[in-house]
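Please read them alongside the model.

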Amino acid sequence: MGTVALTSLSHGAGCGCKLPAAALLPIVRDLPVTRDPRLLVGSASGDDAAVFQLRPDLALVQTVDFFTPIVDDPFDFGRIAAANALSDVYAMGGTPLTALNLVAFPLERLGGEVLRRILEGGLAVTELAGCAIVGGHSIDDPEPKYGLAVTGTVDPAHMLTNAGARAGDVLVLTKPLGVGAITTAHKRDGADAAQLAEAVATMVALNAEASALAVAAGANAATDVTGFGLLGHLHGLARESGLAAEVRARDVPAIEGALELLEDGVGVSGGARNNRSYAEPFTVFAAEVTESRRRLLTDPATSGGLLVSLAAERAGEIPGVVIGRMLDGEPGAISVV
């Protein structure tokens, strides 16, 4: 059986294959919501995971995330997908406990060894996180997809949500942006192996330490940056917190080479264009913000970092870069300076 590049079988890449926010939100906005008082965080706020209270000091954190291949190496694909799914629990300040594999796979075409390597990659990351894979589900599909349904725990008194930011908070981003640009460009033969390796290293890094430190620093709100890009996820945090936000474009960290790939267009994906269109109604860019920086802020991230809102005097307690602040103003509005 000849080797088939995994990304050649996917119409999108990683979190960039998400349904566009502008198309999805009107569909789900008016669906009935659960009124159970034990549901502390549900779908209505668009947060990273659901939180269901079991007792005063204990709640379940539940999430599910899966996507199409973003790299061709099966082991790396498994690692990235697992780290991305676990990130939703970390974004709530929680600890992942168990996970279920979600697999859609063309077994006859790609063979069992490729699937084994994907699953081994997922297992390697969940073991590092202290999370047990306890089962899963698979279907036959011509387009490979992999991810996890994760269950964790959190103390409700210390959980992080996207709704608690305060005016005057600073925003700390714990991973650089640009993985979408690099993986898109690599698929088009526009990025080299070293750039791809750096993107993979960024994506497989767990957000466990950043989450624990954010909770210890008394963070007021958090989310992780994934498929809707920095502006899309910040918009949700600001909207649910009833605040506006300001981003200093020059301070947003980028993986080396990503800005150049965005500037010449080889790293701009269809998902990035969808994110840009979605952000236009709630974002105002200062004239001096370059086009490559604008594209970076809407680049679809996969297994991105945490975006944490907390008091300025405690920002140094979290590994990352201060990229902006929360302000009084129209809920969800973002100014990029």
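1. Asp189 is exposed, at 75% relative accessible area (exposed means over 50%, buried under 20%, partly exposed in between, with a 1.4 Å probe and protein chains only). Asp189 sits in the loop between α5 and α6, and its phi is positive, about 60°, although it is not a glycine. Most residues other than glycine have a negative phi.

2. This is a predicted model, in which local features need pLDDT of at least 70 and side-chain atom pairs count only at pLDDT 80 or more, while totals for chains, interfaces and linings use all residues. Residues are numbered from 1 along each chain as its sequence is written, and side-chain values use heavy atoms, with hydrogens and water left out.

3. Ser303 also has a positive phi, about 50°, without being a glycine. Its place is the loop between α11 (291-297) and β11 (306-310). Ser303 counts as buried, at 1% relative accessibility.

4. At the start of α6, a side-chain oxygen of Asp192 comes within 3.2 Å of the backbone nitrogen of Ala194. The buried residues of α6, among them Leu196 and Val200, pack against α2, α5 (179-187) and α9 (258-263).

5. Asp76, Arg79, Ile80 and Ala83 in α2 meet Val200, Met203 and Val204 in α6 (contact means heavy atoms within 4.5 Å).

Terms used
Helix = DSSP H or I, 4+ residues; strand = E, 2+ residues; numbered from the N terminus. Polar contact = N/O pair within 3.5 Å; in protein donor to acceptor, adjacent residues only side chain to side chain.
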